[in-house]
Amino acid sequence: MTSTLVETEDRREYRATRRRGLAVDLSMTLATVLVALAVGFLVILATGKDPVAAYEALLTGPLERSFRVGRWLEDATTLTLLGLSVAIPFRARQISLGAESQLYAGALAAAVVAIFLPLPPVAAVIVPLVAAAAAGAGMGFVPGSMKARLGANEIVATLMLNAIVVRVYDYLVNGPLKEPGSSAVHSERVQPDSVLTPLTEWFGIPLGRSNVGFFLMLLTAVVLWLLITRTPLGYRIRMTGANSDFAEYGGIRVPRAIEWSFVIGGAVAGLAGAHLVQGVYGRLEPGLAGSLAFEGIVVALLARNNPLVVVIAGLFYSYLRAGGDIMEQQTDVGTEIVVVIQAVIVLLVTAQALPDLLKRRIARKQAAHKQAAHKQVGAR
């Protein structure tokens with residue numbers, strides 16, 4: 001009876017600790033955003049421009065027209081998927097910069113299937129997505145295995161793989177996959193049945209190129225959160241990131257956990273590539289992702305690698321990007337102020353001391369409370 005009470009109390013304490021950890025992540029993300037916006041406001045004020053008008057355009061512009069909302073959701077889908085893709089290796093304390101290669105590999109795989117492979121309607125959507133995830137996972141496995149098995153530096157490995165895959169992508173789009181007879185550089189369009197349904201058809205208002213990939217992104221975030229918090233694999237990844245020596249001592253195969261973190265992250269980045277091909281452009285385009293792959297890293301850092309918070313961070317960050325373009329159009333303040341805000345966010349989220357201090361204090365309080373509860377149960 002006593003052991004049952006102790007186990008029940010342990011479960012409650014674990015759930016409470018997890019909820020408090022999520023609350024800390026959310027509060028720190030919100031605080032970071034507010035501080036960055038305040039710094040941007042002061043910078044505009046210091047240049048002699050009108051910060052109120054600039055921020056009005058920045059913060060309200062994306063919601064003034066339905067097509068602007070669609071542009072925001074389109075951007076948020078890709079950014080959030082990329083943020084999720086790097087958040088998983090980051091949880092294993094692996095600095096993966098390979099989202100770019102994984103995205104381009106996923107885009108190539110999705111395009112080849114969606115253009116050249118005849119499929120029935122439902123399979124025509126699902127199979128390219130699966131192919132993209134598999135290609136992205138493969139691109140994640142290469143640097144993950146090099147780090148886990150050979151001790152290679154994951155930063156160098158992922159950056160070099162980026163260069164290789166992007167050059168191969170450029171060659172294929174300019175050569176074998178280029179649309180025959182077209183003067184423009186792009187592939188053929190994907191078959192109509194492979195296109196991700198635009199949100200315009202669902203809601204009956206013009207939402208641009210935003211599509212059901214947005215809901216796929218939300219589902220992916222929930223699945224990854226469940227994976228990290230509720231499964232043995234997620235536990236192994238988290239423990240590897242917390243203390244690899246302790247994890248090894250506890251029987252966790254650290255190399256395998258590192259490999260899985262890269263593979264899972266790569267699969268998610270591959271889905272981002274499929275979203276661009278099947279939902280946004282409808283074909284392969286040069287410079288498909290631009291700088292989005294590296295901005296996904298900022299999204300993951302802003303969310304402190306929590307999959308659920310990554311969704312919020314991705315929505316905010318893409319909103320900031322959309323608002324910056326509108327601010328430049330409607331006021332005399334350029335998009336450079338958005339770069340300033342982004343830089344402040346990077347500086348703040350990389351300063352881990354305060355959040356870690358808060359979490360350590362919470363952990364100490366929980367340990368003291370748990371010890372007191374155990375003493376009370378023992379006294380009974």
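Hi everyone, this is a short tour of the salt bridges in this structure. Please keep in mind that we are looking at a predicted model.

Some background to begin with: side chains of opposite charge can pair when their charged atoms come close. Searching the whole structure turns up 10 salt bridges, and I'd like to walk you through some of them.

Let's start with Arg-68 and Glu-64. Their side chains form a salt bridge, with 3.1 Å from N to O. How exposed are the two partners? Arg-68 has a relative accessible area of 16%, so it counts as buried, the cut-off being under 20%. Glu-64, at 40% relative accessibility, is partly exposed.

Next, please find helix α11, which covers residues 254–281. Here Glu-259 pairs with Arg-256 in a salt bridge, and their closest N and O atoms are 3.9 Å apart. Where do these two sit relative to one another along the helix? They are 3 residues apart, so about one helical turn separates them. As for accessibility, Glu-259 is buried, at a relative accessible area of 7%, whereas Arg-256 is partly exposed at 35%.

Now for Arg-283 and Glu-285. The side chains of this pair meet in a salt bridge too, at 3.2 Å from N to O. Are these two residues buried or exposed? Both Arg-283 and Glu-285 are buried.

Which residues does it link? Salt bridges connect Arg-71, Glu-74, Asp-75, Arg-209, Glu-295 and Arg-321.

Key:
Residues numbered from 1 in each chain as written. Predicted model: local features only at pLDDT ≥ 70, side-chain atom pairs only at ≥ 80, totals over all residues. Heavy atoms only, no water. Salt bridge = Lys/Arg side-chain N within 4 Å of Asp/Glu carboxyl O. Buried < 20%, exposed > 50% of the residue type's maximum accessible area, 1.4 Å probe, protein only. Helix = DSSP H or I, 4+ residues; strand = E, 2+ residues; numbered from the N terminus.
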